[in-house]
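Subject: Structure for your review

Hello,

Here is the structure I promised to pass on. My notes on it follow below.

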Amino acid sequence: MNNIQLSQSFPIWVAVIILIISFAIVIFSYYRTDKPLNRRSRYILIALRILAIGVILFCLLDPTVVMKEETIRKSNVLVLVDDSQSMSLADSGEKTTRIDDVKNVLTSKDGLKSIIESLDEHFNTQLYQFSSEVTPVKELSSLKAQGNLTDIGKAITKTVDDWKGQPVAGIVLITDGGHNSGEDPIRSAQKASVPIYTIGVGQTKLPRDISVSRVEVSPVAYMDHALPVRVAISSNGYDGREVRIKLNQSDNFGSLKDSTSLKLDSRLGEQIVNLQTKPQQEGTIKYTVSVSSAPDELTQQNNTYAFFVKVVKTKLKVLYIEGNPRWEFTFLNRAFQKDPNVEVNYLIATKQGGYYPQFPPKTFPNTKNDFSSYDVMILGNISPSFFKNEQLSMIKDFVENRGGSTIFLGGEKSYGDGGFGESMLRDILPIDIGQNGAREIKAQFNPVLTQQGMTHPITRLSDDPQENTAIWRDLPPISRFYSGIGIKSGATVLAENQQEKRPFIAFQRYGKGMVLMIAGDDLWQWAFGAYPFGGDDSYYRKFWSGTIRWLASVRTQADQVSVTTRKQTYSRDEKVRVTAYVYNENYDPVNDAQIKAQVQTPAKTTRDLIFTLEENGRYTTEFSPTMDGSYKIDVEAQRNGNLIGKNSTEFIVQTATLEFLNTQLNEPLLKEIADISGGSYYKINGISEIPSSIKETKDTVVSTRERSIWDNAFVLIAVIALLTTEWLIRKRKGLV
Amino acid sequence: MMNTINIHTPPDPSQEGSSMIIPLSLSLIIPPLLKGGRGDLKAILRNCIHLIICCLFIAISAIPSQAQDDKITIARLKYGGGGDWYVGQTQIINLLKGLRERTNVDSATKQEVVQLTDKRLYSYPFIYMTGHGNVSFTEDEVKALRLYLTRGGFLWANDDYGMDKSFRREMKRVFPEKDLVEVPFDHKLYHSYYDLPNGLPKIHEHDNKPPKGYAIFYEGRMVVFYDYESDIGDGLEDAQVYNDPPEKREQALRMAINLVIYVLTN
């Protein structure tokens, strides 16, 4: 397998030409010497000189000998063992835990050799443990299932990365498939391009267990008003058993707020119970929902669920400006009067350009600050020419800089020729009206929800998507539509007029606030027109209360200093990323604020947090919680020694709930990982098949060595010897 | 400010409904012409006759769709019994005109007629009834009226003379638990647009009794207003009908406008 390579610096034919030319010169020279030479001497001299030139040329060509060596090496098999907490469970009917089962099958000698030993015959076996991280196993016998999360995707990606460039014949993935964090394991398996042999641990049928699987509650509630809490209970193996579900406020007394009992029935899937409480104080309140436990439950860790609710005292303030008395106003006014959480100020324009005197405040807000006491503003059927320019710019400022929200509620004066589409408020509208106003279409239609509209809090009149669609279909039709040209980029359409294929309800963020546009009127028919069909005004009221609440919630985040965590609930080994926003009184971002921040742990100790500026008034920090419980972060921003503002946020560290949420063996996932990667799936008792099913890839490693031939003393000596001999002969013949 | 009277004539929008007919007729005229073409004169003639009949139908059926017009209108209640529910055909039209001219209420030019059992009732949150004689509702109408009023509807009853006894009897059937109570002069109703410090004006003299405004309130909202011994409706008629003096007619119109504005804003 050896061969010789020549230098690439000049081609061989150059060497040949040089050789021929030198040959010719040498012969010519030796035939025309001053003293005559006999034939023998001449030939010897010519030969010596040519040889010397030839050797030098040979060196210049840099000939190297390339030597190839082939060796055969064992390829690797990576064995990944899940050590997350779900592996510490013992399935029903089993005495040993899942992790102990795994240890047993890997090391027990079936016949002569254990699985690991038989693998070692053909492969290099590398053992890893994984949960949220992946590390090599030091001692298999002392492996414990303590990981708080399971990230199968990361386990695959990281080990494949570590062994990049090395032969890997396969990955043996031993897990219950309870993937609950990180990247999609199926994608990782696809990218890995290594066959993955998955080994399922545990039982596919649901273990006997009762759990609080979900809690639905509004994150913001109003003091002294009922706060409904929807709790989903999952159970298996306890049908007919009566359990009690309790809602407790996690104050010093853990006082019970509500409770109910439920007869378990696993055939129903999740069972929903409705609890409620009436928050009595302002601030962030922690609640706990718990379901009574039963004997022999798989785990009791999933029988409680904690959450925070922000309780606010003030009602939402709405300013409703209407161009003329109309039924839209009448019925909306009545709906607002029935909503205890909304306080509305009305301005109805008169023909003379003033406002009807029966409603406070009777005048348009005088200053931007007066304006910012409102959360939401509604502009009814009113022409922009009714307002002074500075009033229009105050409306724009209210949205853009104060985080207020504005609703445009149809009418030909506001959408038609000379309407807002031609005013300075044109920019804030989510729908492009065009130059001469929207086209007014008098034809009955039922708005149809878009995909976003199905689930958006504004248009979600029922939590059941099918029911929601039915509700919208059955609402009394809208009889007048304003057809815009198109939707602005960045705007979201919630409902549309399908006959016209144009948006009916759409919103967009403008600066800090939101702008919602309803491209029609006669929404009051949803209230009054529903009665002849056996309906009532509840959907009309729900629509409006949902709309006002959602738009106002945008504003509650518009404090000058705000602090948030990305999630409300973390597990112990997750990093909590905390973000603070700082704005000045004009709501411009402050990039040179000094931020003092502290985190209070469940043990009531405090620690300082150091925030760093990212951009545009956004500051972040990370924090690793060490114990379960509630944490509170207080942030205070200063600039040049002056306080800008303070705020706080809370989050819960609730470890292991995720691990115990779905505890049965996730066989479909493991099968798919095996399929997509070209491996196969086995149950744990079939693990003995593994050593023979992994394809043994004979791996030949070729190593090459190069050696220069000319680069040694003999070549030099040869050249010197040739030239010296030639010189000696010439001396003797008297040619020197 | 509120007492200035602006006289200006708004554009007449009464022709709006007919615009629908043109595209519809075109869509009907073209297919038969294509089908029956090729010089067959008889067929074209037949199709044209069909077409004319169709157009007539559409024209007729387009009339009720005017009710869906979003302009504010008032529906006259057609009730059973011996009463002349139809009396005073210019009353509502003049009130709507007054609203249009003096306020910025975008009112229609026509009145509507509705029965309590009609589903269209819920297109009109404000209905008007008047008459001289015996008002009587069927059992269904009583139920329908109660539903209508408690769910957001409003009834203005104008005693043209002689309706009092039967009206009170029928209202007791609708609201057995409620009485018609007199509306005090300082009530918002008398100050909603024009200031009427003396309450309900006296328009037409019958029995030398003082005019009284009564109302039924349901959950705090006025659902029925009943003017007794005043006959506001009389004063809303065209001037030549009863020869009421201009100042009486002005008072009647102001009272009626106040009532509409009050209902719209409460």
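**A buried lysine in chain A**

A:Lys396 is buried, because 20 other C-beta atoms lie within 10 Å. By the definition used here, a residue is buried if 20 or more other C-beta atoms lie within 10 Å of its own, exposed if 12 or fewer, and partly exposed in between, with C-beta atoms placed from the backbone. The model is predicted: local features need pLDDT of at least 70, side-chain atom pairs count only at pLDDT 80 or more, and totals for chains, interfaces and linings use all residues. Residues are numbered from 1 along each chain as its sequence is written, while chains are lettered from A and ligands numbered from 1 in the order in which they are written.

A:Lys396 sits in helix α9 (residues 389–400) of chain A. Helices (H or I, at least four residues) and strands (E, at least two) are DSSP runs, numbered from the N terminus. Leaving aside neighbours within four places in sequence, A:Lys396 has contacts with A:Met424, A:Leu425 and A:Ile428; a contact requires C-beta atoms, placed from the backbone, within 7 Å. From A:Lys396 to A:Ile428 the separation is 32 residues in sequence and 7.4 Å in space, C-alpha to C-alpha.

**Chain A overall**

Chain A has 17 helices and 39 strands. Of its 736 residues, 38% are buried. Taking contacts in chain A between residues at least 6 apart in sequence, 75% join residues at least 24 apart.

One open sheet in chain A has three strands in the order β21-β23-β28, with antiparallel pairing. Its edge strands, each pairing on one side only, are β21 (439–441) and β28 (520–521). Strands count as paired if DSSP finds at least two bridges between them. In chain A, β23 (residues 480–483) and β28 are joined by two bridges in the antiparallel sense, and A:Arg480 is opposite A:Asp521 in β28(A).

**Cores and the chain contact**

A nonpolar core is a set of buried Ala, Val, Leu, Ile, Met, Phe, Trp, Tyr and Cys residues joined through C-beta atoms within 7 Å. The largest has 134 residues, and A:Val318, A:Val376 and B:Ala256 have the most contacts inside it. Helix α8 (residues 246–264) of chain B gives this core its largest share, eleven residues. A second, separate core has 44 residues, including A:Tyr570 and A:Ile595.

Where the chains meet, 20 residues of chain B are in contact with 25 residues of chain A. The chain B side comprises eight nonpolar, seven polar and five charged residues. Here Ala, Val, Leu, Ile, Met, Phe, Trp, Tyr, Cys and Pro count as nonpolar, Asp, Glu, Lys and Arg as charged, and the others, Gly among them, as polar.

**Chain B**

Helix α3 (residues 91–102) of chain B is mostly covered, with ten of its twelve residues buried. Those buried residues pack against β1 (75–77), β3 (126–131), α6 (232–236) and α8 of chain B; among them are B:Ile92, B:Leu95 and B:Arg100.

Chain B also has an open sheet of seven strands with mixed pairing, in the order β2-β1-β3-β4-β7-β6-β5. Its edge strands are β2 (112–114) and β5 (181–182). β5(B) pairs with β6 (residues 212–218) of chain B in the antiparallel sense over two bridges, and B:Glu182 has B:Tyr214 as its bridge partner in β6(B).

Regards

How values were computed. Two residues are in contact if their C-beta atoms, placed from the backbone, lie within 7 Å.
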